[in-house]
Each structure stands twice: as structure tokens, then as C-alpha cells.
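This briefing covers the ligand site, the helices and the nonpolar cores. Please keep the viewer open while reading.

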Amino acid sequence: MERELSTPPAAERLSAALTTRWLGRSYEWWPACASTNDLAGERARAGAPAGLVIAADQQTAGRGRLGRTWHSPPGANLYVSILLRPSRPPPEIPPLTLLAGGALASALAALGFAPRLKWPNDVELVEAGRRRKVAGILTEMSSAGDRALHVVVGVGLNVNGVDFPPDIAERATSLRRAAGRPLDRAAVLGTFLNHLEPLLDEYERRGPPVAIAAFEAHAALPAPCRVTAPGRPNERLEGVALGVDPDGALRLRDETGHIHRVLSGEIQT
Ligand code: BTN
């Protein structure tokens, strides 16, 4: 497969793809940075408004969930952080990960893919009969008392990357691998933001049920699964994932019929 670098999603190219009112209308594109989530956090503390989107061609310290690193080579993928200032209280913020996943899955479906969401933050595509991760979401909040000061929703989407490091090679894929052709990163990012804005507006009005519905629309539930607790691979729960509670917890029925609420964990399907 050819590995030429893809055209960067510079501001004017993203702007041409946007139909949003407020999301992505303020935009920073960086050739490289440590982590776009860190940059967005800095901008937030300096008073930047909600809707700012920061993207980088490469991250030197891209972060994933559970303290992992996010593979962020140059010239191929999307590493994007979105600054939000929701008026919802802190306990209602974690479902924003589900909402962003739902928006991304809708956007990818509109582009002709068949994405599936894996709780809580993975977007997957089926390749040769196996589910592989194409994107991940990392939501970070800064709060004071019962107020969320700002939220950064970070999205890593493998667009045109075709080679992955050995530790994730068996589990990762990209849009390019699925489509058999390269995709324009500005068009993909624009489509995602166009799907995200109306959901965010609705979430602002109605809260977590909007996020749960957006997630469940692409989550392929009920599904048999195994869940391990973060950092405790031997503590395993097996059952059928039924759905997601309003606080974002996964509802899982074990073989005795008992329903568990999983607040944090890693699913193996
Ligand atoms: C995960 O699946 O573990 C979440 C991955 C999130 C990666 C994105 S890339 C853009 C933003 N900046 C980061 O450092 N992380 C997120």
C-alpha cells in the first residue's frame, strides 16, 4: 500500500467542510505537539471559548485511557481535542465520551463505513471478520465544587495510517485500510464536527440521556463480553452487556441473571 503523506486539515480546508454554528469555528492546526488535550487544557485555563478545536499532525506524547500512550505518527491521522464548557454538573460529564463516540460513529456511517462502539470509548471496524479499533476518545474535566469549569474531549482517529506498532498491530485498523483508499482528513474532521454539534446542543438541554442514546445507536447491544477492572486483569466479570445507565455505567448480566453496573473497565468481546 502506498504511504504518501495526506494533505493536512489546515484551517481553510476544515472551514470549507463545516456546517456548524459554533463548533470548530475557532481552530488551531499544529504540525506537532506533545498532546492536543494538554494544549486545549492550556487554552481553556487562559479563557478560550467553548467550541475551540485543536488538531495536530503528530503528537509526541499522545495519551490514551488508563495511562496508555496513543500512537500518533505524522502525516496520516487525526489527533483532535475539543474544548467544551457545559453547564451540566460534574457527575453528568463522563457520558460526553459516549456522546462523542456516537457522533463519530454517525459521521463514519455517513462516510460509508460500518462502525461499532465498544464501551466506553472505542470505535471499531470489522476487518477480515474481526473487530479492530479505529478510534479512541479521552475526555478530561476540570471542575471546582459542583461546577465543571471546562471539558476537553480528545479524539484519536486512524485515518490514513496503515502500519501500527507490534503491541497494537493485531487490534488496530484505519479508515484507509477499510476503504482501500486514502481519505481527506479535513473532510473527515468536518463531518465529525457537523455530527457532534447538534448532539452537544441537545445534551446541554437534556443531559446524559442524549449521550446514552447516541452511544446505544451504534453499540451493537446486547453483546456477550468479559470485563476486567483497570490494572486488575485477574478480576474478570463475564456476561451479556445490556446497555448503559444514565451515569454512563455499563449494565452487564452475568450467568446467574444478576445485573452488575460497571463504572470503569476494559471489555473483551
Ligand atoms: C483511548 O482509546 O485510549 C483514547 C485515545 C485518545 C487519543 C486522543 S489523540 C488526541 C487527544 N490527545 C491526546 O493526547 N489524546 C487524545
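This is a predicted model. Helix α3 is followed by Gly112, whose phi is positive, near 100°. The points below take the helices, then the cores, then the ligand.

**Helices**

- Helix α3 has 16 residues. Its first and last C-alpha atoms are 23 Å apart, close to the 22 Å expected at 1.5 Å a residue.
- Of those 16 residues, 13 are buried, so α3 is largely enclosed by the rest of the structure.
- Helix α5 covers residues 185-206, which is 22 residues. At 1.5 Å a residue it should span 32 Å, and its end C-alpha atoms are 31 Å apart, which agrees.
- Gly207 follows α5. The phi of Gly207 is positive, near 80°.

**Nonpolar cores**

- In soluble globular proteins, nonpolar side chains tend to be buried together.
- The largest nonpolar core here has 56 residues. The members that touch the most others are Ile82, Leu157, Leu175, Phe192, Leu193, Leu196 and Leu250.
- Helix α3 (residues 95-110) supplies the largest share of this core, with nine residues.
- Ile82 touches Leu23, Leu52, Val53, Val151, Val152, Val153, Phe192, Leu193 and Leu196, with residues up to four places away in sequence not counted.
- Another core, of ten residues, lies apart from the largest one. Its members include Ala40, Ala48, Leu52 and Leu83.

**Ligand site**

- Which residues are closest to the ligand? They are Ser35, Gln59, Arg63, Arg65 and Lys133, and 20 residues surround the ligand.
- The side chain of Thr36 places an N or O atom 3.2 Å from a nitrogen atom of the ligand.
- Arg65 contributes a polar backbone atom, 2.6 Å from an oxygen atom of the ligand.
- Asn121 has a polar side-chain atom 3.2 Å from an oxygen atom of the ligand.
- How much of the ligand does the protein bury? Taken alone, the ligand exposes 410 Å², and the protein buries 98% of that.

**Thr36 in context**

- Thr36 is found in helix α2, which covers residues 36-45.
- Is Thr36 buried or exposed? Its relative accessibility is 2%, so Thr36 counts as buried, the cut-off being under 20%.
- Leaving aside neighbours within four places in sequence, Thr36 is in contact with Ile54, Ala55, Ala56, Gln59, Tyr79, Val80 and Ser81.
- Among these contacts of Thr36 is Gln59, and Gln59 is also one of the residues closest to the ligand.

Terms used:
Residues numbered from 1 in each chain as written. Predicted model: local features only at pLDDT ≥ 70, side-chain atom pairs only at ≥ 80, totals over all residues. Heavy atoms only, no water. Core = buried A, V, L, I, M, F, W, Y, C linked by side-chain atoms within 4.5 Å. Buried < 20%, exposed > 50% of the residue type's maximum accessible area, 1.4 Å probe, protein only. Helix = DSSP H or I, 4+ residues; strand = E, 2+ residues; numbered from the N terminus. Contact = heavy atoms within 4.5 Å. Expected span 1.5 Å × (residues − 1). Near = heavy atom within 4 Å. Polar contact = N/O pair within 3.5 Å; in protein donor to acceptor, adjacent residues only side chain to side chain. Areas by Shrake-Rupley, 256 points an atom, 1.4 Å probe, with all protein chains shown as cover.
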